[in-house]
Amino acid sequence: MCNFPTIKDAADVAIDTMLSGIQVSRVELLDEVQVRAVNIANGKNLPEVPTLMFEFIGTEAYSHEQTQIVQRIVSEHNGSDFVFTEDPEAKKELWKIRKEALWACFAMEPNFEAMISDVCVPLSNLAELISRSKQELDASSLVCTVIAHAGDGNFHTVILFDPNEEEHRREAERLNQFMVYTALSMEGTCTGEHGVGTGKMKYLEKELGIEALQTMKRIKTALDPNNIMNPGKLIPPHVCF
């Protein structure tokens, strides 16, 4: 685990690490707001700055070698406070920070709900996507955290809002849309993990084009002529053939 002065520094390290060919099983990025949530929820005293978490795989000698290479990459991007552990219990404690990230957010706003969104771009565009999205999220009146599976270009945000305030909901939707359009402008996709469902149908035509959606609709109709399998999801209702 290591810390950075800016989220772009952290994202650049994740990109350089993956492009170097190092065998890393996990690379997770948390922004300073998410780290603050962890501190509040768990009574920790972690530095509230953008943070990267790595998990290395392979033999003991190989993992140590890879760790040293990553430390060098980290130092080239203003990183500090590199913490390394092999002890199973200590590893579990470190990863607990990431696994409980969502629930930690509610420690900042216990009565709010979370709009959770994700987008994905080619790895080379991840730093720019996160930097531009982070500027918009920080400028918002809502509390927003950034979490990224930085090794595969997938980036999540948790947007906390009061469900009783329509203005809050509109602002959460606006931030979500900003992230999606930014990702699409960088050859990305409107969702990397969470799926399209009903919430992101409206972005598919911009991402894939009407011809692709019409082809998908034909396949769906051929396999499910009675439209009983997940009706009303994925393909926008205006698409016909």
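I started with S63, which sits in helix 3 (residues 60-76). Helices here are DSSP runs of H or I with at least four residues, numbered from the N terminus. I looked up its cover: S63 is buried at 11% relative accessibility. My classes are buried under 20% relative accessible area, exposed over 50%, and partly exposed in between, with a 1.4 Å probe and protein chains only. Leaving out residues up to four places away in sequence, S63 touches F56, I57 and G58. Contact means heavy atoms within 4.5 Å.

I noted that this is a predicted model, where local features need pLDDT of at least 70, side-chain atom pairs count only at pLDDT 80 or more, and totals for chains, interfaces and linings use all residues. Residues are numbered from 1 along each chain as its sequence is written, and side-chain values use heavy atoms, with hydrogens and water left out.

Next, backbone angles. E187 is not a glycine, yet its phi is positive, near 65 degrees. I found E187 in the loop between helix 7 (166-184) and helix 8 (204-208). E187 is exposed, at 68% relative accessible area.

N227, also no glycine, has a positive phi of about 50 degrees. N227 lies in the segment after helix 9 (210-223). Its relative accessibility is 40%, so I logged N227 as partly exposed.

Last, I checked I219. It belongs to helix 9 and is partly exposed at 49% relative accessibility.

Key:
Helices (H or I, at least four residues) and strands (E, at least two) are DSSP runs, numbered from the N terminus.
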